[in-house]
Amino acid sequence: MENGLFGIENLDTYFVVGILVFFGILETIAGYLHSSKRTGSDWIQEVGSFVVLAVLIKPGIVLAVWSLGVLLFPNIQFTLSHWSIWLMLPFYLLIDDVLQYWYHRSAHEYEWLWKLHRPHHQAEEMGFFVSYRNAALYYVLMPNLWWVAIVTFLGGAPSVALGLILKQLVIIGSHSRIKWDAFLYKYKIFNPLMTLLERIIITPAFHHAHHGKSIKDGISDPNGNYGNTFSLWDQIFGTAIFTRQFPMEYGLQTNPKDKWTASWFYPFIKSDKPESEIAKGFKKQNNTKAEPTEIHLEKGEKYLWCQCGFSRNQPFCDGSHHGTKHKPLLFEAQRSGKVRLCNCKATKAAPFCDDSHITLT
Ligand code: FES
């Protein structure tokens with residue numbers, strides 16, 4: 001295979017390890033590792049996932065594409081090797097990133113893919129290794145890893161190597177607890193710079209919002225901010241929120257704390273927790289019913305009304321909408337007292353009952 005960046009094999013891997021070590025040292029100095037709530041299972045999941053991805057999955061995909069390419073399409077091998085790195089780098093990076101945006105978004109909207117991505121959102125705190133929490137199969141199916149292999153086969157290995165370094169710098173930086181952007185939001189003088197920057201690359205604030213527990217805090221949006229390197233796709237496809245704040249709580253609304261074996265090897269190993277989405281035989285239940293719930297709300301309190309119908313805590317959201325295209329409706333009670341909240345999900349006055357259930361029965 002063609003040599004990597006500056007003719008040095010695996011230079012990108014050394015850089016990526018260097019970026020991880022850099023953020024790891026910063027988090028240690030800041031005391032985050034000392035105060036970390038991570039369990040041994042979390043560490044195995046994150047470090048193990050990184051090692052297997054770097055040593056087995058990524059090289060395996062490159063080897064598979066390379067072997068197939070040599071066998072079936074030998075004429076196109078290295079056909080783009082004459083491209084300047086300034087042309088090849090954006091070509092590689094932009095296609096890579098749009099593929100990853102849609103793959104990541106699909107992982108939130110389709111149940112089977114969500115189950116592979118779910119370990120990523122089980123993390124209850126951010127950290128430099130969090131970006132590597134996913135089921136192994138999630139990486140094997142990741143389209144942009146196959147794109148890396150294709151571009152390498154076409155002769156773009158140096159651009160891929162440089163692109164991977166830039167990507168990982170943004171991605172590891174946006175997952176880390178070192179919020180390098182937080183300081184810059186405080187001063188007006190940096191406002192134009194940060195407005196420009198956050199509209200190009202993924203900042204920690206932008207990505208932390210994606211990991212926040214629920215939209216209830218007015219900062220988080222686990223069903224938005226899907227971008228990896230560039231925020232461009234979220235802006236184009238209407239999923240971007242820029243709050244410049246950081247969630248107080250991270251993770252899933254309902255987290256049965258599956259073992260790393262089930263999280264990593266799903267669907268080959270299932271969770272032993274019956275309530276887990278990755279347990280054997282788990283199925284989302286439709287919990288809508290044709291009658292409202294009369295309930296007392298407190299003025300000024302915020303509530304999440306379930307729109308998907310799968311919540312086991314109707315009429316409120318319990319996070320079961322993950323893996324569907326639905327998200328909850330956030331509303332604030334305007335007065336204290338009893339109201340009728342819709343359970344059939346057909347109301348036109350959400351979240352309140354408008355008697356639409358009568359027409360359904
Ligand atoms: S459980 Fe969240 S919208 Fe239904």
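Okay, let's start with two helices, α3 and α4. In this predicted model, α3 covers residues 85-109 and α4 covers residues 111-122, and they pack with their axes 6 Å apart, at an angle of about 105 degrees. That makes α3 roughly perpendicular to α4.

So which residues meet there? From α3 you've got S106, A107 and H108, and from α4 it's L113, W114, L116 and H117. If you sort the residues of that contact by type, you get four nonpolar, three polar and no charged.

The largest one has 29 residues, and L116 is one of the four that touch the most other members, along with V148, V151 and V160. Who supplies this core? The elements giving two or more residues are α2 (40-72), α3, α4, α6 (143-153), α7 (157-175) and α12 (260-265). α6 gives the most, with six residues.

Now let's zoom out to the whole chain. We have 13 helices and four strands. The radius of gyration is 23 Å, close to the 21 Å from the globule rule for 361 residues, so the chain is as compact as a globular protein of that length. The C-alpha trace spans about 70 × 50 × 40 Å along its principal axes.

Two last numbers. Buried residues make up 39% of the chain's 361. And if you take contacts between residues at least 6 apart in sequence, 67% of them join residues at least 24 apart.

Technical notes:
Residues numbered from 1 in each chain as written. Predicted model: local features only at pLDDT ≥ 70, side-chain atom pairs only at ≥ 80, totals over all residues. Axes fitted to C-alpha atoms, helices over the stretch in contact; angles between N-to-C directions. Parallel < 35°, antiparallel > 145°, perpendicular 65-115°, else oblique. Contact = placed C-beta atoms within 7 Å. Nonpolar A, V, L, I, M, F, W, Y, C, P; charged D, E, K, R; others polar. Core = buried A, V, L, I, M, F, W, Y, C linked by C-beta atoms within 7 Å. Buried ≥ 20, exposed ≤ 12 C-beta atoms within 10 Å, placed from the backbone. Rg over C-alpha atoms; globule rule 2.2 N^0.38 Å.
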